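Hi,

Here is the structure I promised to pass on. Have a look at it first, and my notes come after.

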Amino acid sequence: MAPQDSSSIYYSARRFDAVNSVDRSPANTAEIVAAGALIWRVRDDIFEVLIIHRPNYDDWSWPKGKQDPGESLAETAIREIREEVGLQVTLGVPLAVTSYPVGGRPKDVFYWSAQLPEGARALADEGEVDELRWVTPEVARALLTNRDDLGPLDSLEALREADALRTRPVIIARHAKAKPRSHWAAAEDDRPLAGTGKRQALASSGLYAAWAPSRILSSPWLRCLQTVTPYAVEHGVAIKEKKSLSEAGAQRHPARTTRAVTSLFEKDAPSLLCTHRPVLPVVMEVLSEYLWEGSPADILPDANPYLEPGDALVLQVTEGENPRIVSVERVRPALD
């Protein structure tokens, strides 16, 4: 991803096919921001997507809604889907950002793919949605009211044709903001998060939940453990401490660090790894080995510091043998 002014970019997205690259900072954020998803399923060998009818607008569209203060884009998408169609989904590959004016004000809508959870059933919200339908993409094209909604559908179908739609998430996090080294006289592995870092860690719990990691690998150093503990406690996920993910461990045994990162691709489980800035070059080297052939050069960060404190990369990785990275998002917890 482009390194320029990376500290101001709170969301970025890149895909293996170089479609719909996104960088968002406060400087290029629309006045109105919304998020949602194209929820899909395969039933009786037929691929279907979920569309909703909103009586207040008399339109057919995708589940989506406006961002609330203190929410990340991903959290907005998850909340709106839960409210409108009663589903608790996890986000898949980023699809597109549609932009259009509303009442003379610019609006951006961020879309992801999301597979219908096994055994789940969509239910229309009585207030905002009076009907929902599972339809083929062809029928959706005919029913969608806003022509801007076709872009995300095009993106979804392109992923399906490339066999890049069924994925699982792998999250690479840099620990939240720690107390400065100059203000800490005790052991380096006991240096804790600063006040801002603690707020980032709490906010990260909701952010990580959009991808629901069920496996957590972390440096045993305190600032990393403090970063992932809020999510681990809230969602009942054990933290597996890896010395090789600490600064000292990576310096002494980089091969072990490589093995720890590689394990994220060897086990078919949504995963979260938390480490330190000096370890990120090793992490990025491993990730580069799992890129989809022909991926754009800027799909991964390529310059120090790679990630700001508290930021994370969300990778969507194909399932099964020969896993490959379909997309890379850089996300940041939203602070009030």
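This is a predicted model: local features need pLDDT of at least 70, side-chain atom pairs count only at pLDDT 80 or more; totals for chains, interfaces and linings use all residues.

Numbering runs from 1 along each chain as its sequence is written, and side-chain values use heavy atoms, with hydrogens and water left out.

The largest nonpolar core has 42 residues, and Ile39, Leu87 and Trp211 have the most contacts inside it. (A core here is a set of buried Ala, Val, Leu, Ile, Met, Phe, Trp, Tyr and Cys joined through side-chain atoms within 4.5 Å; buried is under 20% relative accessible area with a 1.4 Å probe, protein chains only.) Helix α1 (residues 73-85) gives this core its largest share, 6 residues. A second, separate core of 27 residues includes Leu245 and Val328.

Helices (DSSP runs of H or I, at least four residues, numbered from the N terminus) α7 (residues 254-266) and α8 (residues 280-288) pack at about 45°, axes 9 Å apart. Axes are lines fitted to C-alpha atoms over the stretch in contact, with angles from 0 to 180 degrees between N-to-C directions.

Finally, His175 sits in the loop between β10 (167-174; strands are E runs of at least two) and α4 (195-209). His175 counts as buried because its relative accessibility is 7%. Leaving out residues up to four places away in sequence, it touches Cys224, Cys274 and His276, among others.

Cheers

Key:
Buried means under 20% relative accessible area, exposed over 50%, partly exposed in between (1.4 Å probe, protein chains only). Contact means heavy atoms within 4.5 Å.
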